[in-house]
Amino acid sequence: MKKPKALVLFYVASVVLLIVGCLGLTARAPASPRAVPDQVLINAAGATFPYPIYSKWFTEYNRLHPDIEINYQSIGSGGGIAQLKAGTVDFGASDMPLTDQMLNDFKFKVLHFPTVLGAVVPTYNITGVTQELNFTPDALAGIYLGKITKWNDPAITQTNKGVQLPAQDIVVIHRSDGSGTTFVWTDYLSKVSKEWETKVGKNTSVNWPVGLGGKGNEGVAGLVKQTPGAIGYVELIYAVQNDIPYGRVRNTAGTFVKAELSSVTAAAAGVAKAMPEDFRVSITNAPGKAAYPVCSFTYLLIPTKIQDANKAKMIKDFLHWMLNDGQKDAEGLTYAPLPKEVVTMELKQISMIE
Amino acid sequence: MAEGAGSRARLRAFLDRLRSGDEVAHLLTLIFASAIFFVTFLLVYELWQNSALSRHQFGWHFLLGRTWDPVFENYGALPFVFGTTLTSALALLLAIPLGVGAAIFLAELAPPRISDFLTFLIELLAAVPSVIFGLLGIFIVVPLLGTTVMPFLKATLGFLPIFKGPIYGVSLFAAGVVLSIMIIPFIISISREVLLGVPADQREAALALGATKWESTWKVVVPYARTGIMGSVFLSLARALGETMAVTMVIGNDPKISASLFAPGYSIAAVIANEFSEATSALYINALVELGLVLFLLTIILNALARLLILATTRRATGHA
C-alpha cells in the first residue's frame, strides 16, 4: 500500500505544476500586444477576395499608428454583412454592393466605400490548344447555360480562326461556395444574356444549369487543370500568380480585351463619370474601347453613426490614408487602384461619418 | 420506538453511503448522463427554431424539392439527401467486407507481432483529420479513379445505368471511395477488439467438434462478435453521413440526382459548409439550417433501419439474440 500513496502524490504534484505553468505562460502572453497603453481595437469582417491587400493595409497602418489595431476576418461577403447587421464588427467588407432590400434590413444607415478593383477571367484546359482564345459574350453565356457543349462549336471557332479547336466536350466548372467572384461573373452573364437573367440570375450562389463545383478559386483552378476540356472562372490575381492560361473577352466596343491592370482601370474610368453618389454600381460590361468587361469594385461597408467617437475618428483617418497612400500598394498585389474621380468622391463621403 | 430506530438506521445508512461516495457518484453520473440528453435536446431545439422561416415557406415540399436556387429563393433537399445516402451506402458497401475481413485476419489468423504492428498503423489512420483525406482524394484517388478504375468499369459493365455517362473524376463514386477509406480504420480497430474478446472456449469447442480453423472463425467466433462488429458499422455510418471537407473536395458539388455513379452529386454536409458563410438572406440561412435538421433525422432513421436489420438477421441466425 506504500506505492499508491507516492503515486498519488506524484500525480497531484504534476497536475499542480501543469496548472501553475499554464497560468504563468498565459499571464505573460497578453503583455506584448498591450505594450502600447490605451490601444484601440477595431473589428472588421467580410470579403475574401481583397483579403491580401486589406491585410497589408491594416498591418501597414498599425505600423504607422501603433495605437490603432484593425482586426479583419475574411469570412466571406455574406458573413461580413451579417456581422455588421448584428453589430459585432465596427465595419464590414463585401464584394457586392448591398441591394435596397438588404439596406432596409439594416437598422442603421450604411455607406459604401470602394477600395480596389478586381477582374474575373475565363480559364480553360483544351487538349492541344495553347493559344489565348477569344470569347464572345454569347459564347460564354451559351457555355454556362449548357447550350454550347463542344469546343468546336461555331460560336467559339468563329472568333478563333487561327486555332485548331477539337471536338471535345466542354466541362463547365463553377464555384461551389458562395463568393463575390461568382457574383461578378453572374452579373456579367445577366447583362449579356436575357436567358441567363431570367433563368439563373445573379448572386454569390446560384442554381447553375450545368457544371461541377470547386471550392474557392483554388478549387476551380484545380478542377480546370485536372479535367480535359474544362472551362472555369477565377479572379485575375489568382490566374496571374498561378500562371494559368486565360482568354480574352469581347467588350461593348467590340474589342477582345485581355484582363490586366490597364484594362480593369479603364473599365472603372468608363463608369466613373456616371458613378452614383452611394457608389452602388455594377461595372461589368462597362463602356470604353480598352475596358475589360468582367470587373467589379470591392467595398468597405461603414455605418454613418459610430458610437465610439474615438473609433469614428480613427476609421475616418484610415479611410483618408487608404484613399491617398494605400492605393499605391494595389498594383504590387495585382489589384487595380481606384480612378481619381472615384477617390475624390469618396473623400467627400468620409465627412458623412459621425 | 421501533419506527424511530428504523428511520435513524436509514439515515445512518444514507450518511454512510454519502461519506463513502456512493450517493455522490450516483448524483454525478446522473448529471453527466442528463447533460448528454440536454445537449441533444438543445441541438434539436436550435435546429428547429432557426429553420422556422424555411419550414413555413416550403412545408413538406422541402424534402421532395429538387431545385436549390438562392437567387429565386426556391430550396429543396432531395438532391442532397440522395447524395448523402448514396455515398454513405457505397462507402459501407466497400468498407464492411474489407474492414471485417481485415479485422478477422488481424484477430484470428495473423501472427501476433504482425497483428500488433498493423493494428498500430491502422489506429494511426483512424486519427488522421478528414481534410487530409480530402487532399488524398483530390490528388490521388480522383485521378486514379478517373484514368483507370472508372473507364474499366465503363468498358466492362457499361450497360448498367450506374456506370453510364461521361467520366469527370469527381463524382459520387469518388466520394464513396474516399469515405470508405476513412471509415475502414474504425471498422478494423473496433471489430478486431471485439473478435479478440470472444472467449477462447468458444473457439476450442468448435475445433473440438471437428471444425477447421476457418470454419470455427467464420461460423462461431464472428457470429459471437456480431453485435460489436455492427456497433463499429454504426459508428462508421455516422461518420460517413456527417463527413464534410473530404466529400466536398471530390463529389463535384452539383445538386442533381442521376442514375450514374460517375456523375457529380452533392451532400448535405458539403452544401452547408460551402454556402453557410456567404448566405445573406434569412430564408437562405433557414433553408441551410433545415438541411441540418434533415441530416439529423436522416442519421436517426438510417441508424434505426440498420438496427432493425440486425434484429431481423440475428433472430434468424444462431438462436441467441
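1. The model is predicted: local features need pLDDT of at least 70, side-chain atom pairs count only at pLDDT 80 or more, and totals for chains, interfaces and linings use all residues. Residues are numbered from 1 along each chain as its sequence is written, while chains are lettered from A and ligands numbered from 1 in the order in which they are written.

2. Chain A has 13 helices and 11 strands (DSSP runs numbered from the N terminus, with H or I and at least four residues for helices, E and at least two for strands). Along the principal axes, its C-alpha atoms fill a box of roughly 90 × 65 × 35 Å.

3. Of the 354 residues in chain A, 48% are buried (20 or more other C-beta atoms within 10 Å of the residue's own, with C-beta atoms placed from the backbone). Counting contacts (C-beta atoms within 7 Å) between residues at least 6 apart in sequence, 73% join residues at least 24 apart.

4. In chain B, helix H13 spans residues 268-275 and is mostly covered, with six of its eight residues buried. These are Ile268(B), Ala269(B), Ala270(B), Val271(B), Asn274(B) and Glu275(B).

5. The contact between the chains involves 29 residues from chain A and 24 residues from chain B. On the chain A side, helix H3 (77-86), strand E7 (212-214) and helix H9 (216-226) each supply at least two residues. H3(A) gives the most, with four residues.

6. By class, the side of chain A that touches chain B has eight nonpolar, 17 polar and four charged residues. Here Ala, Val, Leu, Ile, Met, Phe, Trp, Tyr, Cys and Pro count as nonpolar, Asp, Glu, Lys and Arg as charged, and the others, Gly among them, as polar.

How values were computed: Buried ≥ 20, exposed ≤ 12 C-beta atoms within 10 Å, placed from the backbone. Contact = placed C-beta atoms within 7 Å.
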